[in-house]
Amino acid sequence: MALLEVNGLSAAVDGQPILQGIDLTIEEGSTHVLMGPNGAGKSTLGFALMGNPRYEITGGSIRFGGEEITELSADKRAKAGMFLSFQNPVEVPGVSLSNFIRNAEHMQTGQPVKLFGFQKQMKSAMELLSMDETYADRDLNVGFSGGEKKKAEILQMLMLKPRLAILDETDSGLDVDAVRTVSQGVRAFQQEGHGALLIITHSTRILEALHVDTVHILVKGRIVETGDAALIEEINARGFERFTQEA
Amino acid sequence: MSAVEQMKSVPVNRLPMPTYRFLKVNEAELPLPEGAVTCKDPLAGIDLPEGLRVTAGTFAGMEEALREIPTGMGEEADRIFAQAGCPASVLSVQAGVQAAEPVILPVTATVGVSSLAAVTVRAEEDAALEIVIDLTCDAAGCAAARSFFGMSLRILAGDRARVKLVVIRRFGAPMSDLIDLGIRCGEDAAVEYSALSLGVRGGSKAGAGSFQGVLATLAGDRSSFIDHTGYYAGGHGLLDMNIIADHRGRDTRSDMIFRGVLDDHAKKIWRGTLDFKSGAAGSAGNEQEDTLMLSPGVHNSSVPLILCGEEDVDGRHGATIGQLSDEILFYMSSRGYTAEEARRLIVQARLKSVAREIPDAKLRWEVEQWIEREIA
Ligand SMILES: Nc1ncnc2c1ncn2[C@@H]1O[C@H](COP(=O)(O)OP(=O)(O)OP(=O)(O)O)[C@@H](O)[C@H]1O
Ligand SMILES: [Mg+2]
């Protein structure tokens, strides 16, 4: 049984149809890449999968871990093991990064989170991501640079250990070193956490150190091509022209 | 006629420089307590660290140097305490003494009764002291009857003295209350004030609420005042504040931040004045407001005022007004928080950030627990 099964998913925002009959299957522990031109609907797909109430599901279904989740609220999807790294992470004033994660862990597991073990894990995850320790006590994303916000997203992924992490352009806005660092974080998640990934990206640098199973091309709200990692090189060389013409 | 209409009131929390009258912010009407008033003396019979002393006295007979210190609410508030014949003991710290531990004064408002308490503090040259005033009322009775409570505070900080005052207002039920503070700083004196106003819920009665005034007179050169205030007001609660930093000496500093949460139909009026008097050259003041509004029914009004009687000064005001946006709620729910939990975490985090100012670990923990239990 697949971890994620999306069948004929259509979604609209503010009454405007964006996604048109998406089919997507992601196996447990596998890594998928989603590429496509600006405005194709990649973030929309991420939001629809995560359950953003602004995105109205107009058709189709989403199954996760064998359960029908199309109608489920976002917090329940998170509890079931879904995670979305935001293209534009949101500032949460007054709540420190470390408190935010610790509470989220508590919400998701329903168990109290032991401070000692938590702090140890935080420390090593922050080291892996070359994040200064002081960020743990800063208000989440408030005054963080673009790159720091993205690292904070990956830190949350590492700490929360979801079964499926959707990374929406986590690599955009990162400097060369930061892309490498974040990529290491993602690889640690692949290897240690055995989590599945849906990586939305325009660049291939984040993928260099990662094993990729499947690549999907999204154009105008439809998946127009699915293939193996070779597709990435084709797009690198020739862009989306072949697909946009077909679509 | 209802009791409310019969109740007398006095003007307090006056803006140092009146603005348009139709804005109705120039002053507040403090409803006076009905019937008999009980006075409390929070300094009576307390254990004191070495070098500290309590001198008994009355409010009406307060010594000149203390009485002269103006307070944020104004003379009308003083009159209430004087007329009630309340005691006003003086807690003094001898010159050069650094109090080893904070002085904690628990004050319990008596239910169904109007009660008043006054405390004055005199820190002599080079002395240092931390005081915490913990205002509570016993839960069962507090809910049953509307009570009036008044607290008057004065601090005289001598040259190079350091005083930190934390006032925790954690009434669990509708109250009419006032907290009035006057501070005077000598040369290089530094006073830090932190007020945590919790549970301002108000009743359905008009005029009920919490009235708070702070006036810091930065008389000595290089003296400073820090105010770090947090509040939560819900229900039909009214929170009326008047905060004034009166810069008189050269190179004086004031830094004030007000972080709060307004919910339901709560109403907040905030007056914040940086008053740079002639002679205050080189001084700087900063007042920041950060308000979270949880409901469209709240009323939030802010009156920042910067008065410059001197050229070489720097006064800043900033305000952030936020709502719990759909963006934050979805972001948090994508991490497993329900809307309710998200809201609770954000509200409590704000208040706890001010609770961190409480210099006593046990009381800080107690207040944090109180916040988790009572707020949101
Ligand atoms: N709130 C909205 N109201 C109207 N249109 C919207 C809204 N949100 C997204 N869209 C439209 O939906 C389309 C898809 O947007 P989406 O953000 O999913 O694209 P994307 O593939 O993630 O693009 P990018 O690569 O630039 O991030 C765009 O045409 C966008 O303008
Ligand atoms: Mg996008």
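Analyst: Contact means heavy atoms within 4.5 Å. Helices (H or I, at least four residues) and strands (E, at least two) are DSSP runs, numbered from the N terminus. This is a predicted model, in which local features need pLDDT of at least 70, side-chain atom pairs count only at pLDDT 80 or more, and totals for chains, interfaces and linings use all residues. Residues are numbered from 1 along each chain as its sequence is written, chains are lettered from A in the order in which they are written, and side-chain values use heavy atoms, without hydrogens and water.

User: In what order do the six strands of the open sheet in chain A stand?

Analyst: Strands of a sheet pair through backbone hydrogen bonds, either parallel or antiparallel. Two strands pair here if DSSP finds at least two bridges between them. In chain A the order is β6-β9-β10-β3-β11-β12, with mixed pairing. Strands β6 (82–85) and β12 (222–227) of chain A each have a single partner strand, so one side of each lacks a neighbour in the sheet.

User: Which helix lies across β3, β11 and β12 of chain A?

Analyst: That is α7 (residues 230–238) of chain A, at about 45° to β11(A). Helix α1 (residues 42–50) of chain A runs at about 150° to β6(A). Axes are lines fitted to C-alpha atoms, for helices over the stretch in contact, and angles run from 0 to 180 degrees between N-to-C directions.

User: How do four bridges join β3 and β10 of chain A?

Analyst: These two strands run parallel, and H32(A) has L198(A) as its bridge partner in β10(A).
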